[in-house]
Amino acid sequence: MKVRIIYLYSDLCHEFGEEYNIKMLVKYIKLSGADVQVKYHTSKEIIDFSKYDLFYLPSSKKYSQNLVLNDLSRYKRDIKKAINDGKFFIVLGNSMELFGRKIRTKKGLSIPCLDIFTYQTREEKNEIVSDAFYDFNPLLEHKKIIAFKNKNTNIVHNEKNRMFLLSDSYNEKNFFAMELVGPILVRNPYFTLYIIERLFNNLGLEFSFKEKNVVEIDAYNAFVLKYITNKNLD
Amino acid sequence: MKYSICIIMHKLGLFRKKLNTKVYNYFNNLSKETLKEVLYPKNFIVILDEDENYYIQNMLIKALKRENKKVIYNKKIEDDLTNFLLKSSNTLSFIIESDYLVLTVNKKSLKSIDFKYVKYFLINDINQNYSYKNPDEEVVIKEVLSNINYKTNLILNIDNPYVNFLKHMHKGKSIGYGLKQRSVKSLNKDYLFKCPVCHENLTYKSRYFQGFGSYICPNNDFETGIKTFEVEKINLDEHYFKLDGNNYKLNSNYLYDIYFLLGFYSLSNSLNIDLKIISSVISEFSNFHKTVEINNVKYNLFEAFNGNVLDYQKKIDFIGKSNKPFIIGFSKILDCSLTDSSWLYKINFRPLSKLKDVFIFFDDAMMLEVRLKLDEVKCRDYNKISGDGEVNVLMPKNDLKKFVEVLK
């Protein structure tokens, strides 16, 4: 049985190196004992939500974000059904904004979004640029998410389903979204494995990860050992 | 009177000290008012340089001084140039007393300039770095367009589609420069640029470096267009290029550096600087790597600028063509961030995949190893290289010093 991944709007959404997350997913799924196929969807193609197990949507430029939103709007019901059915969504960077209720621009305009979840986005005057080290409790001893923020928005009205302490993340069933970049899955191999293990359980696959000299894990551990201290935690 | 006092305070550096918030806000507003009174020289030149290379500014200053012109220029790019401009002004007349005023700016500092007084505004590239800077070229384009005046003369590198877009949008005069169309081997499709008008992929007739080249949009009339200054021929091996029928020295291994020289040439021609002076300044430009010999091994030391995608790319392209062992690394990913490695993913490292020996130096460079392996570059931790031979090394300046000390 193959794990079926679709990289949504791969022609429009490829900022901050997030397109390399797919390579990480493929590598780690194979190391975990399964076959995988990836569809690189482009904006002119139709999406059949029944054909895939995992939907991947990373950051895009501003004009591309509008194009993605317009196109995704016709799939609102399919998206809701897929989420309710327990399908996996990894949504990163500014793509997280699309799944909320609306985006309020700094000029006061209100842009309706997919309204899948109740959070909203508010554009700010200034850019928010910083390192981010977040606790993610399901990872237990390897708890930290290493990421970077480069955005000019804030997610608001998001109290209940945050993945991390701050509001720029959301998790419901197998929908994982964060307004962060990295590339996330490359920088955070334990988080990647957490997603894959959940995915395997969902699909009835046996998860057995062969962890020997995996460079991403060595790089992650070396970074955490050197840099993560109490004073630079969020 | 209050404007003169404001200028005196800037000259004495009083705004640099910590002031009470209300006092600071009052003088900040007063500074902006005072700036409106400043009278600029007729020859007011602005150069957009997000990467802080200063190559074009340095060449221009040299050329102007050789023509015995008085030049005032900033040595450092600041987000707000109000302090610099007021410090440079006469306290009583508010005149910046100079033949030329040359400012190198970033997109933030554009706001402190009144473009109706700017004679020429040169843009060689719109920032493509991803570290602590907005990655969206359209944001930079909007900032530029919202600040410039229709009277501003633009001098633009139109081999870059985003810079060329300014030429299309600008209501005033523009001069374009670039390289002559020539057939080159096709480069990786991942690094193509999109049409800034309709956002579809551009069709390239030729490509020189990443997304720079001769292009046309299949959907509309956006294309490279005619260049006022066009390099006709380039010979990297013999270190020269041909422009307007004359040969000029190219003291660099990198194709991309021609754009700096061409930008300087275009600006100098527009300012009617003597051609002999232009030629001499171009021949003095040098961007070769240093070489150091230790224990019978020659180390070619290439200085890396972490965060600067184009600079890394030109060096990777050059190093990838040689068969020599290669050592790469850094002790810090960026000065301003511990985590932002996204800029590494905008560089095509595949040219290194042909090399047999690629070594990583410094512990923090493990994320670099992760990145290289994603581009199928076989790399391993640094091992001492013995015997005769030549090795290429790419590291930031301070790390190169540490590396050389380790070797010794």
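Helix α10 of chain B (residues 366-374) is mostly covered, with 7 of its 9 residues buried; here buried means under 20% relative accessible area, exposed means over 50% and partly exposed lies in between (1.4 Å probe, protein chains only). Helices (H or I, at least four residues) and strands (E, at least two) are DSSP runs, numbered from the N terminus. The structure is a predicted model, in which local features need pLDDT of at least 70 and side-chain atom pairs count only at pLDDT 80 or more, while totals for chains, interfaces and linings use all residues; side-chain values use heavy atoms, leaving out hydrogens and water. Residues are numbered from 1 along each chain as its sequence is written, and chains are lettered from A and ligands numbered from 1 in the order in which they are written.

The buried members of α10(B) are B:M367, B:L368, B:E369, B:V370, B:R371, B:L372 and B:L374. Their packing partners come from both chains: α1, α4 and α6 of chain A, along with β14 (326-329), β15 (358-361) and β16 (379-381) of chain B. After α10(B) comes B:E376, which has a positive phi, near 60°.

A nonpolar core is a set of buried Ala, Val, Leu, Ile, Met, Phe, Trp, Tyr and Cys residues joined through side-chain atoms within 4.5 Å. The largest such core has 98 residues, and A:V3, A:F191, B:I328, B:F349 and B:L372 are the members that touch the most others. Helix α5 of chain A (residues 189-203) gives the most to this core, 9 residues. Beyond its neighbours within four places in sequence, B:I328 is in contact (heavy atoms within 4.5 Å) with residues including B:F349, B:L368, B:L372 and B:L394. A separate core of 94 residues includes B:V38, B:I45, B:F193 and B:I258. In soluble globular proteins, nonpolar side chains tend to be buried together.

The meeting of the two chains can be described next. In all, 35 residues of chain A are in contact with 31 residues of chain B. The two chains bury about 2900 Å² between them, 58% of it on carbon and sulfur atoms; this buried area is the accessible area (1.4 Å probe) that two parts lose on being put together, summed over both. Between the chains there are 13 residue pairs in polar contact, both residues being at pLDDT 80 or more. A polar contact is a pair of N or O atoms within 3.5 Å; within protein, one must be able to donate a hydrogen and the other to accept it, and residues adjacent in sequence count only if both atoms are side-chain atoms. On the side of chain A that touches chain B, α6(A) gives the most, with 8 residues. By class, that side has 16 nonpolar, 6 polar and 13 charged residues, where Ala, Val, Leu, Ile, Met, Phe, Trp, Tyr, Cys and Pro count as nonpolar, Asp, Glu, Lys and Arg as charged, and the others, Gly among them, as polar.

A:G182 and A:N21 are 161 residues apart in sequence, yet 9.2 Å apart in space, C-alpha to C-alpha.

Charged pairs complete the picture. Within chain A, A:K151 and A:E179 form a salt bridge (2.8 Å, N to O). That pair links distant parts of the chain, with A:K151 in strand β8 and A:E179 in the loop between β10 and α4, 28 residues apart. Both A:K151 and A:E179 are buried. In chain B, the side chains of B:D257 and B:K314 meet at 2.5 Å, N to O, in a salt bridge. B:D257 lies in helix α7 (residues 257-270) and B:K314 in helix α9 (residues 309-320), so this pair ties together parts 57 residues apart in sequence. Both B:D257 and B:K314 are buried. Back in chain A, salt bridges that share partners join A:K149, A:K151, A:D168 and A:E179 into one network.

Technical notes. A salt bridge is a side-chain nitrogen of Lys or Arg within 4 Å of a carboxyl oxygen of Asp or Glu.
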